[in-house]
Amino acid sequence: MSRFPELLLLTALLSAPAAAAEAPRIGRIALPEEVAAWDLDIRPDGFGLPEGSGDVLTGEELFSERCALCHGEFGEGVDNWPKLAGGQGTLDHDDPQKTIGSYWPYLSTAWDYVHRAMPFGDARSLTSDETYAIVAYLLYNNDLVDEEFTLSRENFLEVEMPNADGFFVDDRATTEVPAFSHPPCMTDCKQEVEITMHATVLDVTPDDTTD
Amino acid sequence: MTDTTKKGTTRRGFLAGAAAGGALAATAARAGGPDPLITEVQPWAQSLGDGVDATPYGMPIHFESHVVRRNVEWLTADTISSVNFTPIHELDGTITPQGCAFERHHAGAIELAKPDWRLMIHGLVERPLVFTYDDLIRFPRENHTYFLECAANGGMEWAGAQLNGCQFTHGMIHNMEYTGIPLRTLLAEAGVKPEGKWVLMEGADASSMSRSIPIGKALDDVLVAFKANGEALRKEHGYPVRLVVPGWEGNMWVKWLRRVEVGDQPWEHREETSKYTDTMADGRSRRWTWEMDAKSIITSPSPQAPITHGPGPTVISGLAWSGRGSIREVHVSLDGGKNWQQARLSGASHDKALHRFYFEFDWNGSELLLQSRAVDSTGYVQPTKEQLRSFRGVNSVYHNNGIHTWWVKTNGEAENVEIS
């Protein structure tokens, strides 16, 4: 919301001396146009978000044209292609459905990824406004906004992602590593051993190199 | 000449047959009669082979045509954002031949010529820089051998035994000697500002593959590599330049590297939120699970490499590795983990690299439940799958380093099984 304009300004101030920096011994100074062309990424705090906006209905049209062939009209996914909507409340189930709505912690990731890497096979073809609209439609499909909603740089950080608190930093060093770092048993470690599962029962392995 | 050719074809046919039925060949050798491969003059001992200009860049001999990367069609929606598998059941030693080293792409293997390659370093640096390939190779170089293991290697096996062969259960891995420039050298050229705590690495392909790496790792052992196993990187492995992130999950080894941005926070991009996060039984998920823990696998015998010679002297061969250091010991069990014996480590021992182990024994022809267990230089002991599941449940997708079991039957065939 109000945080990132200051950040952008701060970054502009910080990088200002760079343009005047002495040429390196190897390589050269990157020009501002070059950095702008490649530096498209967005952060959870909104850093990097460009001006622009898009609403759900515009997003629906764009999604239908550019995305629905693989992801389905409502983000439900076609065949093996990723589901983008649904699955909320399933993360502790046997087969969790991980979508933007059920799993992704930050909206910035959706905007960033759609803008830089989608549509699959025609990446970098969406404008900023188109990306705002498609992300608005994805929020709508995940029941997170109503159909009147318009997403913009101004209200971007107001959107609450259901699984924002669902992640914790790798704790193996304090949980698993100590538990697995004891001198191991070498002899008479257990009484019985029985086979409980066979891969050949499933029979999903390719047979030979012609498969 | 015609006679010789015919004879050669016949001999090759015989050899192929013998290779397919190793037990048969062993029996024939014991039969007592003179071996015609010795008593008759063979065509290769008489006529001439290929000239030195026949193969400017060679491929393996056609008898080895089964030693190739394999795809498992049902795993992914298409072959572009997909993975294939290294034939580790047929390899030995530790260096993976590049031509059969596994691939994992998110938008296909792109063709990027050296003259078209650019690397940009920007963000919280004193001076944003652009390097060409010719610039890059003027920096002081280092050579290191490291494993690259996909975070999802073995991921299909979390809920139980699925794929029958170590190529499929453990083959999202390769091990190469890399030549490259330490990332810290390039970052020093740009001058990282004190508030620069994270580095974003991005690839030049359409997936814009990007990951956040803490500055400590970036300044430690990360390499910007341009050669592997002595030659240029293969196209599918990031030609002309890729990132090497020793010990850490393969996804972070950004290929076709084009951009390094220094920032004060992680970016939390798609490949570190939606993907490469590990969901626990309670529905919460670990993020930033970068290190690949100590792991091992018996590559032979295995489902694709059965015992064909019958009872008697038998070689167990396998691989062990750890993202947290080198391998101190490998233990082998013939009885499903009731009893363990020390395996023999062979060859070079490098940090965060594959190690080859062997265990020689006299097989009496009875059933075996083969397992291997790695111990790394930190004292971490490779856990069982049950131990891992007790911490994580079965939905974490990534980072399965559990002990694997092969059931060897009395006929020498092996199967992927789970045991109690």
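Over residues 54-142 of chain A, the chain is 45% helix and 2% strand, with its end C-alpha atoms 17 Å apart. Helices (H or I, at least four residues) and strands (E, at least two) are DSSP runs, numbered from the N terminus. This is a predicted model, in which local features need pLDDT of at least 70 and side-chain atom pairs count only at pLDDT 80 or more, whereas totals for chains, interfaces and linings use all residues. Residues are numbered from 1 along each chain as its sequence is written, chains are lettered from A and ligands numbered from 1 in the order in which they are written, and side-chain values use heavy atoms, leaving out hydrogens and water.

View 1. The UniProt record, an unreviewed entry, assigns "domain: Cytochrome c" to residues 54-142 of chain A. UniProt positions are given in the numbering used here, feature names are shortened, and annotations may be inferred rather than shown by experiment. Chain A as a whole has 8 helices and 5 strands, which follow the pattern α-β-α-β-α-α-α-α-β-β-α-β-α along the sequence. Of its 211 residues, 41% are buried, a term for under 20% relative accessible area, with exposed over 50% and partly exposed in between (1.4 Å probe, protein chains only).

**View 2. Charges over aromatic rings.** A charge sits over a ring if NZ of Lys or CZ of Arg is within 6 Å of the ring centre and within 35 degrees of the ring normal. In chain A, the charged end of K98(A) sits over the ring of Y103(A), 4.7 Å from its centre. A second example involves both chains: R258(B) lies over the face of W38(A), at 4.8 Å from the ring centre.

**View 3. An edge-to-face pair in chain B.** Rings of Phe, Tyr and Trp (its six-membered ring) pair if their centres lie within 6.5 Å; planes under 30 degrees apart count as stacked, over 60 as edge-to-face and the rest as tilted. By this rule there are 20 aromatic pairs over all chains. One of them is the edge-to-face pair of F131(B) and F139(B), at 5.5 Å centre to centre and with 90 degrees between the planes. Both F131(B) and F139(B) are buried.

**View 4. A stacked pair between two loops of chain B.** W248(B) and W290(B) form a stacked aromatic pair, with 4.9 Å centre to centre and 10 degrees between the planes. W248(B) lies in the loop between strand 12 (242-244) and strand 13 (257-263) of chain B, and W290(B) in the loop between strand 15 (285-287) and strand 16 (295-300), so the pair ties together parts that are 42 residues apart in sequence. Both W248(B) and W290(B) are buried. Together with W198(B) and W288(B), these two residues form one aromatic cluster.

**View 5. The annotated span of chain B within its chain.** An unreviewed UniProt entry places "domain: Moybdenum cofactor oxidoreductase dimerisation" at residues 287-405 of chain B. This span is 7% helix and 40% strand, and its end C-alpha atoms lie 29 Å apart. Chain B as a whole contains 8 helices and 24 strands, and 59% of its 420 residues count as buried. Among contacts (heavy atoms within 4.5 Å) in chain B between residues at least 6 apart in sequence, 72% join residues at least 24 apart. The C-alpha atoms of chain B fill a box of roughly 80 × 55 × 40 Å, taken along the principal axes.
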